[in-house]
Amino acid sequence: MFKYLLTLSSIILFLYSCKEKDVEIPSYIFINDIDLQITDVNQGSSRSSISDAYVFVNEKLVGIYDLPATVPILTEGKVTIKVGGGIKQNGVYTSRLEYPFYTRYETEVDLVRGEFDTIHPILQYTSATKFSTFFEDFTNSITFENGKNTDDSLAFITDPTIILEGPCGGIKLEGDNKRRFEFYTPTISNIPRNNSSPVYMELDFKGNIFVNFGAYFNDKIENEISFVLPPKDEWTKIYINLTDILGVHGSAKNYNFLFGYSKYTTSFTGTAEFYIDNVKIIHY
């Protein structure tokens with residue numbers, strides 16, 4: 001009986017060992033980063049913050065990967081690879097999606113099992129993306145409007161130690177008599193709402209304070225703060241999802257998207273600084 005059990009155990013171990021040796025060897029694709037290419041001057045800056053790669057092989061999604069990424073693919077030979085660009089919505093690590101306004105990069109690769117191919121995806125805005133609702137790159141003038149509840153105005157900044165891509169907008173609250181600011185876009189009425197289409201605001205910012213972002217509705221009679229931009233020592237690209245706030249307030253006749261700060265609601269006591277550039281509202 002003991003000899004029978006020993007023999008059975010040996011067979012099981014042998015079969016398991018064979019199964020382990022039959023593991024399929026993948027081919028590999030390496031993606032260090034994903035860039036954005038501008039195809040029209042009216043699209044503004046090519047700065048992006050693409051954090052994830054959505055990888056498709058022969059139209060099938062094989063995975064979503066943090067960049068830089070090594071992607072294992074369980075096939076060999078010539079395949080069509082497409083890569084979509086993923087972003088952190090509202091700058092939130094846990095709120096990620098493939099950005100709906102970017103095209104997918106496409107290439108053909110001859111895969112070899114156990115070997116690596118490096119690709120460098122370059123995306124573009126889709127041809128249907130509209131940029132005309134609001135655009136501000138601080139090239140010629142400032143189209144933002146200063147609110148009544150402000151102790152200083154948004155100004156042109158040309159200091160080379162501060163700017164990103166030419167002049168930017170900025171506010172610096174110095175002294176005890178300057179404790180708050182508010183500025184907002186001109187009034188916008190012709191924009192998708194009721195979740196009928198995705199709407200985003202893209203921008204670059206930096207500063208040493210928490211800045212409220214939200215919207216005024218109906219000729220600035222009502223307002224809502226959506227979330228807060230955190231302090232950033234370096235210029236940071238963010239994609240703000242306006243779709244939900246436009247859906248909740250879809251019956252409003254117009255909107256003004258606002259940025260605001262007040263020392264009255266914070267323990268911050270230093271000189272408050274906030275800088276902004278490459279602002280664009282895009283939708284279909």
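Author: A salt bridge is a side-chain nitrogen of Lys or Arg within 4 Å of a carboxyl oxygen of Asp or Glu. This is a predicted model, where local features need pLDDT of at least 70, side-chain atom pairs count only at pLDDT 80 or more, and totals for chains, interfaces and linings use all residues. Residues are numbered from 1 along each chain as its sequence is written, and side-chain values use heavy atoms, without hydrogens and water.

Reader: Which residue forms a salt bridge with Asp152?

Author: Side chains of opposite charge can pair when their charged atoms come close. Here Asp152 pairs with Lys178, with 3.3 Å between the closest N and O atoms. Asp152 sits in the loop between strand 12 and strand 13, and Lys178 in the loop between strand 14 (168-173) and strand 15, so the bridge ties parts 26 residues apart in sequence. Strands (E, at least two residues) are DSSP runs, numbered from the N terminus.

Reader: Is Lys82 buried or exposed?

Author: Buried means under 20% relative accessible area, exposed over 50%, partly exposed in between (1.4 Å probe, protein chains only). Lys82 counts as buried at 18%. Glu106 counts as exposed at 52%. Their side chains meet in a salt bridge (3.9 Å, N to O).

Reader: In what order do the five strands of the open sheet run?

Author: Strands of a sheet pair through backbone hydrogen bonds, either parallel or antiparallel. Two strands pair if DSSP finds at least two bridges between them. The order here is 12-15-20-17-18, with antiparallel pairing. Strand 12 (145-146) and strand 18 (222-229) each have a single partner strand, so one side of each lacks a neighbour in the sheet. Seven bridges join strand 17 (residues 211-217) to strand 18.

Conventions:
Helix = DSSP H or I, 4+ residues; strand = E, 2+ residues; numbered from the N terminus.
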